[in-house]
Amino acid sequence: MRSRISTFVRFVVLVSVVLAVVPAVNAADRDKLLSEPGVYGTFAAFRLDADWVKQGQTTRITQLLTLKGVVEQHREKVAIDVYLLRGLSDRADLLFRIHATELRDAQEFLLDLQGSLFGKHLTDSTIFSGLTKKASYVPGMPDSLKAELKAPSEPGPQPYVIVIPIRKSADWWGLDQDKRAAMMQEHTEVTVPYLKTVKRKLYHSSGLDDLDFITYFETSKLEDFHSLVLALEKVKEFPYNRRFGHPTLLGTVRSLDEIIEVLAQ
Amino acid sequence: MRSRISTFVRFVVLVSVVLAVVPAVNAADRDKLLSEPGVYGTFAAFRLDADWVKQGQTTRITQLLTLKGVVEQHREKVAIDVYLLRGLSDRADLLFRIHATELRDAQEFLLDLQGSLFGKHLTDSTIFSGLTKKASYVPGMPDSLKAELKAPSEPGPQPYVIVIPIRKSADWWGLDQDKRAAMMQEHTEVTVPYLKTVKRKLYHSSGLDDLDFITYFETSKLEDFHSLVLALEKVKEFPYNRRFGHPTLLGTVRSLDEIIEVLAQ
Amino acid sequence: MRSRISTFVRFVVLVSVVLAVVPAVNAADRDKLLSEPGVYGTFAAFRLDADWVKQGQTTRITQLLTLKGVVEQHREKVAIDVYLLRGLSDRADLLFRIHATELRDAQEFLLDLQGSLFGKHLTDSTIFSGLTKKASYVPGMPDSLKAELKAPSEPGPQPYVIVIPIRKSADWWGLDQDKRAAMMQEHTEVTVPYLKTVKRKLYHSSGLDDLDFITYFETSKLEDFHSLVLALEKVKEFPYNRRFGHPTLLGTVRSLDEIIEVLAQ
Amino acid sequence: MRSRISTFVRFVVLVSVVLAVVPAVNAADRDKLLSEPGVYGTFAAFRLDADWVKQGQTTRITQLLTLKGVVEQHREKVAIDVYLLRGLSDRADLLFRIHATELRDAQEFLLDLQGSLFGKHLTDSTIFSGLTKKASYVPGMPDSLKAELKAPSEPGPQPYVIVIPIRKSADWWGLDQDKRAAMMQEHTEVTVPYLKTVKRKLYHSSGLDDLDFITYFETSKLEDFHSLVLALEKVKEFPYNRRFGHPTLLGTVRSLDEIIEVLAQ
Amino acid sequence: MRSRISTFVRFVVLVSVVLAVVPAVNAADRDKLLSEPGVYGTFAAFRLDADWVKQGQTTRITQLLTLKGVVEQHREKVAIDVYLLRGLSDRADLLFRIHATELRDAQEFLLDLQGSLFGKHLTDSTIFSGLTKKASYVPGMPDSLKAELKAPSEPGPQPYVIVIPIRKSADWWGLDQDKRAAMMQEHTEVTVPYLKTVKRKLYHSSGLDDLDFITYFETSKLEDFHSLVLALEKVKEFPYNRRFGHPTLLGTVRSLDEIIEVLAQ
């Protein structure tokens, strides 16, 4: 195994050199894309086909370079995050999260990805998209709660990622706005104890796919995340979820280089 | 990538020459097919098989020419639109919408398409058909609303397409005609703010497949479309949808030449 | 394409010669099988595998001859109809309807079909069987209605075929016989306007598969068929359908020779 | 076809000779396994893969010999029945029913079967197991009914087999024992007219798979079986079936040699 | 078959020698991982692909050595159990249960497993994870019941394994804690007669996958396990299971060496 890894290291050096020669691109304003409302988030999960592992390491590395190339090329317009689902989710091996101001830009990235030498091995795609919106605080929500919600979660690496798509029942949308607001306040209150250790982000997706919301979580304490979901299952709003998960995507947050290293071995 | 594209350009020129030699066919009266009642609309979505991307570019271009040929050949009888779903929908890569006065003509086109060199790579078809009907305004619907419904949507490119199949519950069909009409008026009213930016078309499909309606949308403002669906989820008619989506097909409107260009690269 | 077709025509002539040499078989009493009660109807739909289209035309024609041979061979015992679903249904490309006095005879035909050179390309089978029964008119059904039901549908070609499997809910079977009869009379009455243009046949299948009924329709006026289903959705018996379709098979009625011609090209 | 069959006959003779040389094994007490309580019944259905039919006849016969060999080898411990589903069920081509006093013994047979040259072509397995129990007559069930239930069904070949898995609803298990007993008596009474022509056997499977019961039927009169199921759909116990079928397996009872003959051709 | 096995035995000897040379690793504290709260349990089931059985025995044995190697390598951090599902479950052939204090460690093992020469043949993974917690006895639960629950199950081999995933309905989580506790006490009481012969373990998985609990059972008396499930179906808590099984995984407990032996043959 040692010698295999050293082959890999040599290739990585080579890649760095090759990529360094590529003229620098202006990266998309990643912070803005990740924090502002009116941004589209596309979640694209894939399995690697059966041929992938049957190839030699050198071939795989060559192909992984095209993955790196495509990501670099599109960073100008979209923000791309990668996650390793293999071993923790049976739905897919890899997950890409793409933030873009226009959904077309996410499509362009995915077209180039799937058209690359690496992308030819991506199958069984699971794709859904949503839109970020300004947090609409429930009228009458105490200021103390609002303040707590704005408190940043703990800094540092949050190794686990969980994505849970949600579809509300027709009954939910038929409720008076007041009733929905009251239930969302209860929902929000039970999340407070977990704000520090579980980072969260919400996407609205009615009409864009067979969902109403995509909920995204990062945490270094999976047990806290489990307790959070358990608490949410007990609030009055929960029975209005017609679909919660299916799939629940669970994986680990990885840099693109880590993904490449795992897949090269 | 530059040299690859120039190869492609040379081929496209060749194609244009070849197709120019083909005797001109009388195109079907596309405007009539797209606007009149009593026309069948067939939605046929396909995935490209795993072999497609593994072929060389020249082979792929040769095959794409047969796609162009089949479309040209059938334009005499049917109106054909193409959409790129890849990257935005996991259900399919390509969507064809075929309008025909007889469903047999759509079948003939699809038989020739699937029998072509390109069509041999089309798999996992999703097919459903519906019928256009004269808009039956609800009795008692205010004239002002009728006028608003007739107002044209904004001209210019509408890059996004969304197709949502709908099956109503048995309860819906069991309602008094009056109750259904009142609910459809409420449904119609909430769509008014979006008439300008979201183009729509309705197909009736009871008996032709496991659906009652196929709803088709084009928009350049996806956020408006999302708001429209959100508004529709809140009207009294919504709980009578037993199936809404499944699949929701989301993609971009493309010319046949754009599709060919994307697939050739 | 011309030259391809002439190759095909030459083969067809050859086939005719070959088949003419085969000693004449006594065809099953087709009329009797199609009209009498106590006959089993098996619906067997198949997809053609990916290899089929990748073969040369000569190979395909040779294999299609074995299809023709198997059908001829079994005509002594069973009545066989063929339909082209490709292009109109995503569930299958071909549909066989086999009528037999013993279900074993349908099985023997399908075993020989699947074992033939052509049959090796048939995959993803969808199979269900039902039994014809004497029409049991509802007690108290007006004689005028009975007479209307006996009126023949319009003669001539009925190009479209639709097969809709139905499973009733447990509630349906739990109703009093009287209530079921009253609802079936209402059901029957709404079908009267369509008796002339929509040909129909009913198979009973409780226990033979996961269905209670198989409904079979032929029509040259698809719009009438659509209106018929729409009318049936509004009667009181409709909510007692737990499954209606899934799949709805839609296709065109074709002779065996037409099927062979389409698949050879 | 004649010459093909004679090749086959020569191989069968060879097989007989080969197997005759194998030292005689003590067959499991088949009668006991098929009639006593406390015996496990495993139903294992398989499809033949696409490669199977593409092999030459000689290769297929060689592989079928290994099927025969594995069955012979395990007859010492388990009772094995085989059924041909192909042509009547779309779920599978072959069904094995294995009776064993320990489920491990059925597993050992299936491991050897799947590991044999023939078994390498078995795919898409559908497997479920249940346990036979002493018939627990409902308290208060009339002796006349009990006597009728004990009457043997008509002797002679029963060519059709039907297997229907059943899962009861949670409501069923929540009923008082008395209510369940009363309903089972009604259920039993409607089966009486069919006792002579429809042979039946019940397996209990709660916990062993996603079922509560496996019901097994043999009959030479499929129409009687259909009438029996129709009658059962009308009793009060029927709505408590959450799953009835899915799959309904329908096929013909065959000897191992018949199966081999069919698959060799 | 004898000679095949002797080839196998020779290889096993070779393996033992090879592995003996590998420097001894500190095994994870298996007892602690299997008994303490706060441990993650990952269930990963796989099918062997169609190519696996088509390889020669020597190739398969070489690949099985890599399975053994990967397991040995990760024993330092995680506790790994293996089960043979083939022949008893149609969902998978092999099941791995991995206990780890961090889910990442289970992922690392599965990444290495799937990346190994053996792992390249593993497909159709089914993966779900849960967390062990301290048993939270219902308030007011009699001490006698608590004592019974702590009694060890019968020692010795428990050859059968059953894994049943459970999702509770939203109604369950909406109940008062008292009502849930009362129902869980009833649930617990009916399990008492089976404590000796059916070993059990509970994992909490809300949020980690589309489940709330994973229930794991080992027994040498399958009939007792069946009776236990039958008893549980009758308690008041049972209707609150929205999903019970799907899949139910049934197999036999095997050592890694036994698995290797079975797969090598």
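**Note on the predicted complex: confidence, domains of chain A, and the E–A interface**

1. In this predicted model, pLDDT stays under 50 over residues 1-5 of chain A, a stretch for which the model has two contacts beyond four places in sequence. The score likewise stays under 50 over residues 17-25 of chain A, where the model has six contacts beyond four places in sequence.

2. For the complex, the predictor gives an ipTM of 0.90 and a pTM of 0.93.

3. Chain A is divided into domain 1, comprising 2-132 + 254-264, and domain 2, comprising 143-250, and the centres of these two domains of chain A, taken over C-alpha atoms, are separated by 27 Å. Their contact takes 15 residues from domain 1 of chain A and 14 residues from domain 2 of chain A.

4. On the side of domain 1 of chain A that touches domain 2 of chain A, the elements giving two or more residues are β1 (40-48) and β4 (122-131) of chain A, and β4(A) gives the most, with five residues. By class, this side of domain 1 of chain A has eight nonpolar, six polar and one charged residues.

5. Between chains, 26 residues of chain E are in contact with 27 residues of chain A. On the chain E side, two or more residues come from each of α5 (103-115), β4 (122-131) and α7 (170-174) of chain E, with the largest share, eight residues, coming from α5(E). The residues on this side of chain E divide into nine nonpolar, eleven polar and six charged.

Key:
Residues are numbered from 1 along each chain as its sequence is written. Chains are lettered from A and ligands numbered from 1 in the order in which they are written. This is a predicted model: local features need pLDDT of at least 70, side-chain atom pairs count only at pLDDT 80 or more; totals for chains, interfaces and linings use all residues. Two residues are in contact if their C-beta atoms, placed from the backbone, lie within 7 Å. Helices (H or I, at least four residues) and strands (E, at least two) are DSSP runs, numbered from the N terminus. Ala, Val, Leu, Ile, Met, Phe, Trp, Tyr, Cys and Pro count as nonpolar, Asp, Glu, Lys and Arg as charged, and the others, Gly among them, as polar. pLDDT is the predictor's confidence in each residue, from 0 to 100. Domain bounds come from an automatic or database domain assignment.
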